[in-house]
Amino acid sequence: EEEEEIKCIETETGVYPVALNDIELECIYLGLLFNNPKAISKFYFEYDCCHFSNDELLNLYKIVLYRDGDNYATSAIKEGFKLPKESTKSYDLKIQAKKLAVQEDYSLELVYNELRKLFLLKKHFLPQNATKLPKTGY
């Protein structure tokens, strides 16, 4: 039986198949939070369930937690997260995310729920299966 290699990426929070990435959805979520920082008190991801597609997006989430939404994110929400690293690049990504979030009338609740499903898939992905999975014939 032939085996197909699955492309994976490694981030600060784990190793995931590229197919489980949805950078646009993650950016919309972050942009919605930047545009409404109070929402972090309701639409947040705890550390063990937070699986952004790359470290730059994870860093943006930490900026929401520790900077923009600091007054609304409890210490329990922040538990496990290191402080963000702010730079010109992170500022530019923040502006891009904010712009993306206002391009359409997105519901933060719906975006959060979709992203939560994706993060749960990533959380339960078994890293030992990342390199080789059997072909299914599809």
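**Note on charge pairs and a negative patch**

1. The model is predicted. Glu86 makes a salt bridge with Arg67, and their closest N and O atoms are 2.5 Å apart. Glu86 sits in the loop between helix H3 (75-78) and helix H4 (88-101), while Arg67 belongs to helix H2 (residues 55-68), so the bridge ties together parts 19 residues apart in sequence. Arg67 is likewise partly exposed, at 41% relative accessibility.

2. Overall fold. The chain has five helices and four strands. Their order along the sequence is β-β-β-α-α-α-α-α-β. Of the contacts with a separation of 6 or more, 74% join residues 24 or more positions apart.

3. Burial and surface. The chain holds 138 residues, and 40% of them are buried.

4. Salt bridges in total. The whole structure contains seven. Side chains of opposite charge can pair when their charged atoms come close. The Glu86 and Arg67 pair is described above; two others follow.

5. Glu26 and Lys122. Their side chains form a salt bridge, at 3.7 Å from N to O. Glu26 is in helix H1 and Lys122 in helix H5 (residues 108-123), so this pair links parts that lie 96 residues apart in sequence. Are the two partners buried or exposed? Both Glu26 and Lys122 are buried. The cut-off for that label is under 20% relative accessible area.

6. Glu114 and Lys117. This salt bridge has its closest N and O atoms 3.0 Å apart. Both residues are in helix H5, three residues apart, so about one helical turn separates them. Glu114 is partly exposed, at 41% relative accessibility. Lys117 is partly exposed too, with a relative accessible area of 48%.

7. Negative patch. Which residues form the negative surface patch? They are Asp22, Glu24, Glu104 and Asp105. Glu24 lies in helix H1, which spans residues 23-35. Its relative accessibility is 48%, so Glu24 counts as partly exposed. Patch membership requires over 30% relative accessible area and no salt bridge, so Glu24, at 48%, clears the area cut-off.

8. Helix H1, taken together. Glu24 of helix H1 belongs to the negative patch. Glu26, also in helix H1, pairs instead with Lys122 of helix H5. Glu24 is partly exposed, whereas Glu26 is buried.

Technical notes. Residues numbered from 1 in each chain as written. Predicted model: local features only at pLDDT ≥ 70, side-chain atom pairs only at ≥ 80, totals over all residues. Heavy atoms only, no water. Patch = residues over 30% accessible without salt bridge, like charges linked within 9 Å, V, L, I, M, F, W, Y side chains within 5 Å. Areas by Shrake-Rupley, 256 points an atom, 1.4 Å probe, with all protein chains shown as cover. Salt bridge = Lys/Arg side-chain N within 4 Å of Asp/Glu carboxyl O. Lys, Arg positive; Asp, Glu negative; His and termini not counted. Charge placed at Lys NZ, Arg CZ, Asp CG, Glu CD. Helix = DSSP H or I, 4+ residues; strand = E, 2+ residues; numbered from the N terminus. Buried < 20%, exposed > 50% of the residue type's maximum accessible area, 1.4 Å probe, protein only. Contact = heavy atoms within 4.5 Å.
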